[in-house]
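Please keep the sequence and the structure in view while reading.

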Amino acid sequence: MVEHGDIRVVHRGGIARYCRFLCERGIFCCCRFLLCGSGYEVKVFSTSTEECIHDLRAHTDLVTGVLLRPSNHLQAYSCSTDGTVRLWDYTDGILIKTYVIGYPIYSIYTSANHSGVLFVVTPTSDKRSEFQLVAVHLPQSGDQLVEAREFSAVLSDVSSNPAATSFGRGGEYIASAKGLQLEVYFFKKQKPYRFFLKEDNKKGGKNTFTCLACHPKDDCIATGHEDGKIRLWRNFNHKKEYTYTTLHWHHSAVSSLCFTPEGTNLLSGGIESVLVQWRYNQESQRDFLPRLGAAITHIAVSPDGALFCTSHSDNKITIIRSSIQVSAVIQGLVKGDSVRTDLMVDPRSKALVLNGKPGHLQFYSLQRDKLLYNLDIVQQEYIHQSGLEQFEVVKAAFDAYGNWLATVEERKQKPTELELNLKLWAFDEQTQSFMLNTTISAPHEARITAMCFCHSTDSQTTVLVSVSKDGHFKAWQLAPATHTEDEGPSWSCDFVGAYHSLVPECCCFSADGSLLAVSFQEVVTVWSPASWELLTTLSQPPGAIRNLCFGQLTCSKYLLGTTDKNLLCCWNLLTCSLEWSTSMDVSLLLSDPFSENMAAFCCQAGCTDLFVFKPSEPRPLFSHKAVCLGKVTRAVFAPREKMLESCEETSQWLNHSQLYFVTQYMDLLTFTTKAEEDRLMASSKQLVISDSVAMTPFSVLLGKRSQQEGQEAASSLLAERTQLPQGSAAVRELLQTPAHVLPSTSFLCSMFVESLLISVTDNRKKGRTIYNYFIVAQQHFMSKIE
Amino acid sequence: MASFKPTKIPIYPKLGEKVTQDTVYWKNYKAPVQIKEFGAVTNIHFSPVAPHNYAVTAFTRIHIYGPFSQEPVKSFTRFKDTAYCGRYRSDGQLLVAGCEDSVVRLFDVSGKVALRMFKGHTKAVHVTDFTSERYHIFTGSDDYTCRLWDIPNATELNTYQEHTDYIRCGVTSKLNRDLFITGSYDHTLKLFDARVDKSVITMDHGQPVESVLLYPSEGLVVSAGGRYVKVWDLLKGGQPLVSLKNHHKTVTSLCLSSNGQRLLSASLDRHVKVYNTTNFRVVHNFDYAASVLSLALAPDDESIIVGMTNGVLSIKHRKSPEESKEVSHQQRRRPSYRVFVKGKNYMPKQDDYLVSKPVREYLTKYDKHLKKFNISKALDSALQRKPEVTVAVIKELDRRGTLKNALAGRDEKALSELLHFITKNMVDFRFAPVLVPAANMILDIYRSVIGQSPVVDRQLLYLQDLLQKEINYQQELLDVLGMLDTLFASSVPRKELLCLEGMNNCTLG
């Protein structure tokens, strides 16, 4: 995170915010809770309601593993690459102990047989191997922060993949697989056994180990392989006489294996996104749970065996009953490889809309930080197979009211065979979702590079413009209903435009919908959508236009464009001349539809800078160096539910809307002001104490005030916690006296106000918020008296 | 867990005419009943009273047909020469007809012999009609005159000699006893008022007028002549309202539908066209075997009766509601008896909580196979279906990357079936993008076994021939397109281009 005075960059997005680093591992604590590592924190979910109950926050780096403490099932260990292992009470969300290991930890294992010892995978300094398995003896100490210094190496060369190592029957041995080697370490004999496989067998299978699981009751190790085979190893305490049997159902790599607690079943999953349940010793009997949505990355089973959970590559956890039926789905922001569609805001639900599951658009509520639903655009069975060209949603656009959604899907098998579909979806009031209205197959001969709706609010007809690499732009219009009643209105092509056989790149409608700007390489053409006349052309050599954007509200006479020759130009459409231009390498330019502001992202030396400015003056209102690492690929201004009243000049641009953006590493980021963050923090703290004290305006007001009086010095975040109402004598008297013996309101009011006044107002802002609170409180008070 | 998504069958835009409410309405007629008359059927007129018999004038006879009879109920045969324009009076009791021999005859519909003979015209009388007060007859003749006759005395009341050519059509007003309109080969329509001795309004049609029609409101008059149908506004003193040119031969007859919303015109080009009277667009078209001379619609559009030059009278009756519904009933598959017999008569009480059974989704056979990844079987079962379905399944297999596997490993019979489908549908432009790669794949797969089966070889040769033809055809089409482009380019005015360039110069400057 980046600190910048008042405004901060904050990550957003559901369960696993750092999906690119780690797919979260879910573990069960009992049937009621599910723990999973998510970014810098551990989340505790309820298995029945799918809600997040606690965020266990203390780690300063990625959480790599979560594990139940074998001796106490109400506590859990978590390990992180920050070099610490922390012990939590997850039911109450309290950090009990922190063990400092000192090396980044990539996974953690324990066993009931080894009390007081943790097995962790850490990187080695040795050149021959990258990671080693180390036993850490936890010192017995009452302190909260304990430094563990007693290490002993167990296995010298292991994989960092947490699924590739496992404890066997009652902790007697530990098995680890890496590459083509399976290593079993017996603690009694203090001796490892190694088993090797050939790289490729005759049938062209790949034998590389991907994961393993040990049977809890039996001497059996199940290993998953690159070619989809599962091998069950037995007799492995002999160097020579070991045996294995092979099970083959998966067609590609097995990514996770898990035995049920009694060892009766073996669960396996992979890229096919099918959960397979094998009966132990009757391997021909299999149960399947197909179409789980995305590749399975991890499988876990609850200690009583009643629930399974699978975590998926699309930031999702599925909770499955032991009868192989899905019982709950915990879904965060679906993350793909890239956001092909732009970031958009649904005008109706105010949800963020972007690519979701393959072939879907996801609607993500920013206010509640929760996925609302996935809209199936492609409507085809998704085949989970690597190397297969699938239909992808590449463009999407909403009209001004959210009544229409246009999507473009494409599938490129060969360079010459491009399959394109333009689909138009109408919002259905009854079902409250989008219904397919028109499908236009092959709307253009080449890839569509931009698409936008006419955003005018008063025009009768809606116009959609799509711009393609085939050198044309097409205007689509909603044709009136045909004569028969069963057929509703549908979309058809209204106009095809081209300019000197140049290739168009971007298009943009002016705020009132009276002008359409289409950029043809180095020339910007301005058209009138009413008559489809070419009104004027603007050109500013050199450089092809990269972004095109009309000004909003009072600045609607300006048209801004960026070129690939590092130029940001602003044309005045009244005079048809260049107003100003500046040399900037702008990678992304967008306008805030709720104010005159424009945001420009400049990519420089691996970092992205943000400039916010008004088109009327070429001086930035706000600039932020190094917003994030890498390039910002997409951004959007989302409207706020409630307008902020910040008066500071640098944060004024955030009053009407909030800027969300996605980096090339698929992180969703936003800007928040300091005041906003404090409010959020306070509300979350209030939730914690809410069970002890009823939340009334009084408690909030009095708690705040007494805190200010008492702890002016304490500035840490913990001090923010709201205190219980104590209040002055006057307030206590007022609250405790029965209503019917109270003196008149006018008499009480002055006394009450006096008791609430703050002697010194050193901070004007604070003073105002308190005053606001006071108004609210007084209103409540008056209504109570009446 | 999502359920299996069945293969999406794309809906291809239908070529040809769109199904509109009008086409549904006008197609809802049974197959025509054809009756051979002695000569060309020149006029058909419906009796205004039930049971709405109609008089068909053909050659020297007038036949009266009942609404459902195929035999004439009655015939009037006492004409010396060709009869013209047999028309009923508004009470359905009397019938008037002109004749080539210039005598106008008045019949009682129950009698046989003419009640009155009106003699005075010097040439053939092509137009006869009753005025709305029922005691006068109006006639128009080839002697350029039109006359009014009194029925009781059989005397001539008035003669109008304004037309300068044959009067071939005319109609009396149903609301005003004194008004009538005539159309003549002198290209004019004239509105006469019996109270004055001359025409009140004259409208120039531009072609010899063949038919005249008054709207029920009598504010508009429709005339047909030459290839044109023209609508005139009488209230504005005969201003032309619309001119329709939808036929490519002379329009001979006009008729309004029962609700007055549609206008029908019949022409020598063998078509009957239906117009919407609000925007005067053609909404439907009937084709007939010969040139149409006369046209009439039964009240409530119960039947369309058309008379043609070859003497055939074609009668189309409207389908009864049961008949038109029958088709859809047959298509719907009923659930089995067993499902309904249990609790059939149980009525849910007020507080009952209704639990609806989850609707089971049925997959088609090919989808079931696709779900199980049985690709060859899926293709086999899809080949039995409509070509749209088969092509969609082939596309789906291609998307899954398993089309080659599905096409391979076929015996002679299965392969010839596949080739048969491909040869049948490959040149269809809707399917070609999918089927051409599939055909390529088949050739690749079975290259080694070509020559072993005469059946397959024959089909392959046929396919080659077909492709060659298609290539030639496309080549020719491209040639034509090139020619058209040249024509279009030369017809575009140069002005716009100059204007654009000027604007560019301005902005650059």
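Which residues are linked in a network of salt bridges? In this predicted model, the network joins Arg340(A), Glu392(A), Glu410(A) and Arg447(A).

## Overall make-up of chain A

Chain A contains five helices and 58 strands, and of its 786 residues 52% are buried. Among the contacts in chain A with a separation of 6 or more, 44% are made by residues 24 or more positions apart. The accessible surface of chain A amounts to about 35500 Å², with carbon and sulfur atoms contributing 50% of that area.

## A salt bridge between two loops of chain A

Over all chains, a search of the whole structure finds 38 salt bridges. One of them pairs the side chains of Arg169(A) and Asp219(A), with an N to O distance of 3.6 Å. This pair links distant parts of the chain, since Arg169(A) sits in the loop between β16 (165-167) and β17 (173-178), while Asp219(A) sits in the loop between β20 (209-214) and β21 (220-225), 50 residues apart.

Arg169(A) counts as partly exposed because its relative accessibility is 30%, and Asp219(A) counts as partly exposed because its relative accessibility is 27%.

Glu396(B) and Arg399(B) both belong to helix α6 (residues 387-399), where they are three residues apart, about one turn of the helix. Both Arg399(B) and Glu396(B) are buried, and Arg400(B) is buried as well.

Methods. Residues numbered from 1 in each chain as written. Chains lettered and ligands numbered in written order. Predicted model: local features only at pLDDT ≥ 70, side-chain atom pairs only at ≥ 80, totals over all residues. Heavy atoms only, no water. Helix = DSSP H or I, 4+ residues; strand = E, 2+ residues; numbered from the N terminus. Buried < 20%, exposed > 50% of the residue type's maximum accessible area, 1.4 Å probe, protein only. Contact = heavy atoms within 4.5 Å. Areas by Shrake-Rupley, 256 points an atom, 1.4 Å probe, with all protein chains shown as cover. Salt bridge = Lys/Arg side-chain N within 4 Å of Asp/Glu carboxyl O.
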